[in-house]
Amino acid sequence: MSKTSADGSDRDTKADAGAHASDTGGEDVDEAELAQFAALLEDSTQDLYDNAPCGYLSTMLDGRIAKVNATLCNWLGYTDEQLVGRKRFADLLTVGGKLYHETHFAPLLAMQQQVSGIALELKGADGRRLPVLVTSVVKTGAEGQPLLIRTTIFDARDRRSYEKELLRARKQAEQAFTEAEEARRTAEAERARLQQVVSILQKSLLPPALPPVPGLEAAAYYHPASVDEIGGDFYDLFPLGGERWGFFLGDVCGKGPEAAAVTSLVRYTLRAAFLVDPDPIHTLTALDAALTERYTGEEMTYCTAIAGTVTRTGDKFAVALASGGHPPPLLLRADGTAQILPTRGGSLIGALPNVHFAPASFTLEPGDTLLLYTDGLTEARTKSGGPRYSEGELHSFADRLAPAGAQASINALMELLAEFGDGLEDDTALLALGNPAA
Amino acid sequence: MDVVGRNNVVVTGRASGRTLMLAHGFGCDQNMWRLVLPALAERFRVVLFDYVGSGGADSGAWDPERYSTLDGYADDVLEICAALELTDAVFVGHSVSAMVGVLAAAREPARFTGLVMVAPSPCYIDDPATGYPGGFDADDIDELLESLDSNYLGWSAAMAPVIMGNPDRPELGQELTRSFCATDPAMAAVFARTTFLSDSRAELATVAVPTLVLECAQDVIAPREIGAYVHAAIPGSRLVTLPATGHCPQLSAPEATGQEIAAFAGATR
């Protein structure tokens, strides 16, 4: 056979191959070497078919084996005669493989005319299993009508063991994932339970609602820094008989269960002390004694607090209070000014010998509001990582706010706290007592 | 998602014809009916669908608990019937779907006027107590699950649909994709267990509609003893042995299969 080259001359391509080998940029091949190759090369297609490094199988459309190569016969331990016309391809598969063949392989082959790389196991004459990869193609006639199925079969023992490793790894990963999920759910349930305990305990340390005081508007707010930990801030308002009411607000050192225990002791001590003697100095002194007696040495703890009484006289309220190391309260006056009460200098409670407390007394005229707070407010960062709020800024804030009733003051401060967002790092308690404007 | 979208429901064929509901079995999807569809669509209104967990159904609707009993698959069938307001339909179920049809017809008889069971088996597991020859044991099913698993690795890369050109076989269309027979292995495993470990022999007696049993001459999954068993258990049923090899006569002998279905469905009233 000849073909026309680019320059239009006819050349015998076979004769050219040797003569022009050096022109084509390939390696030089001389006639002798070519002859050697030819001798080595497969000159028998039958030999190539039978001894190919893979199994060959031709089956009729119904699966009956029509032709099989020696390689596959050897792998399976069958003779050619045992297979051809006697067995179907599916007969060579394991039972599970047969199911897979019928439900996946055969439908795919019927629909697509070819299926490649399906992992199956063949069963040898002695029952031995041979993992293989199977590829099948439907041979069609001139009209496109299917005639027979040609199948190649590759030994996949090594590959299958590798895949089994992969599968095992995948299953382990899935198992680990499931276990991690389980652990996460358990931890979440634990945390929810803990938060519930914290929330209930926290509530037990605060009054469920402020009692109504005739003629007085009282409002409070508590912001816990964390739902996971009990805070150490506290406040209360309670009747002392007649026209007199006791109140306090403070901050126990620390957080968590230890702080909760101290807070509990502080609250009951203060309430009891007020009943014995309503003088705020006496009350704080009694608290100091109780804390010092209970928490000594290593256990030593302390708190800051403001305690006082409010007594109704006509349309006014006389307030007497004392501070032990606590930030000074603010007094929002009816005239639109705000002043810081001079209660600095009082001792921390429960930590020092020879304590002294800073008293203040004044009258809540109609339109005046007393505001007590803990240092969660004044030490909040105005934005995450930013500078801290301060007593000075709070004073300016109150000055702008006045005159304002108790609830209005608390609402304004709640808005302020919300603006701080994450900057609000500590618990914050607020208590406002207002004499409503006439 | 509504039921029609969830189950990838396709309604085709002659709108005025009797409704045939074609239900695929374990392994592939509604494309199993491709080769018999053209002939059936000429005479009948044909409803095709994929069970959740197969083919083009919404995998988001998968619920391993629901689909671990054949009743869950019957739920799919009845929900599709309700969505399409089907009555007097002929249900054609291949393989495990034949039994799904039995369950669905028992629950809502008014939906169905006839039942075609293609290569059915009410129970694939041998029952030594009664001598029932299911043909398989639990280990065989484990082997099948292994096959599903080991082929998943090879298939995962091909999960994305690939448009297949079929110039030689225009009847397959261009839209047929590699996803035919490619199922999430976890879902396929549940469907395989449900298919091959269920025993619905007792339900055969509940069949109260005309029934055609189509078995294949050579079928390793549902051999002829099983066809005879189903036929005997459903009084008044007709048994036809198709000249087909394998478990899918709608693919290996589409003409004969289509003719039998059409003749039966055309005669029911």
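1. Helix 8 and helix 9 of chain A. In this predicted model, helix 8 of chain A spans residues 256–276 and helix 9 of chain A spans residues 280–294. Their axes come within 9 Å and cross at roughly 140°. Angles over 145 degrees would count as roughly antiparallel; helix 8 of chain A and helix 9 of chain A are therefore oblique to each other. The crossing is right-handed.

2. Residues at that crossing. Helix 8 of chain A contributes Leu265(A), Val266(A), Thr269(A), Leu270(A), Ala273(A) and Phe274(A). On the side of helix 9 of chain A, the partners are His282(A), Thr283(A), Ala286(A), Leu287(A), Ala290(A) and Arg294(A). By class, the residues of this contact are 8 nonpolar, 3 polar and 1 charged. An α-helix has 3.6 residues a turn, so residues three or four places apart point the same way.

3. The interface between chain A and chain B. Here 28 residues of chain A are in contact with 33 residues of chain B. On the chain B side, helix 5 (138–155) and helix 8 (249–252) each supply at least two residues. Helix 5 of chain B provides the largest share, 11 residues. The side of chain B that touches chain A divides into 15 nonpolar, 11 polar and 7 charged residues.

4. Helix 7 of chain B. This helix covers residues 224–233, and its buried residues are Ile226(B), Gly227(B), Tyr229(B), Val230(B) and His231(B). What do the buried residues of helix 7 of chain B pack against? Their partners are strand 5 (112–118), strand 6 (211–218) and strand 7 (238–245) of chain B.

Terms used. Residues are numbered from 1 along each chain as its sequence is written. Chains are lettered from A and ligands numbered from 1 in the order in which they are written. This is a predicted model: local features need pLDDT of at least 70, side-chain atom pairs count only at pLDDT 80 or more; totals for chains, interfaces and linings use all residues. Axes are lines fitted to C-alpha atoms, for helices over the stretch in contact, and angles run from 0 to 180 degrees between N-to-C directions. Helices (H or I, at least four residues) and strands (E, at least two) are DSSP runs, numbered from the N terminus. Angles under 35 degrees count as roughly parallel, over 145 as roughly antiparallel, 65 to 115 as roughly perpendicular and the rest as oblique. A crossing is left-handed if the near helix is turned anticlockwise from the far one by less than a right angle, and right-handed if clockwise. Two residues are in contact if their C-beta atoms, placed from the backbone, lie within 7 Å. Ala, Val, Leu, Ile, Met, Phe, Trp, Tyr, Cys and Pro count as nonpolar, Asp, Glu, Lys and Arg as charged, and the others, Gly among them, as polar. A residue is buried if 20 or more other C-beta atoms lie within 10 Å of its own, exposed if 12 or fewer, and partly exposed in between; C-beta atoms are placed from the backbone.
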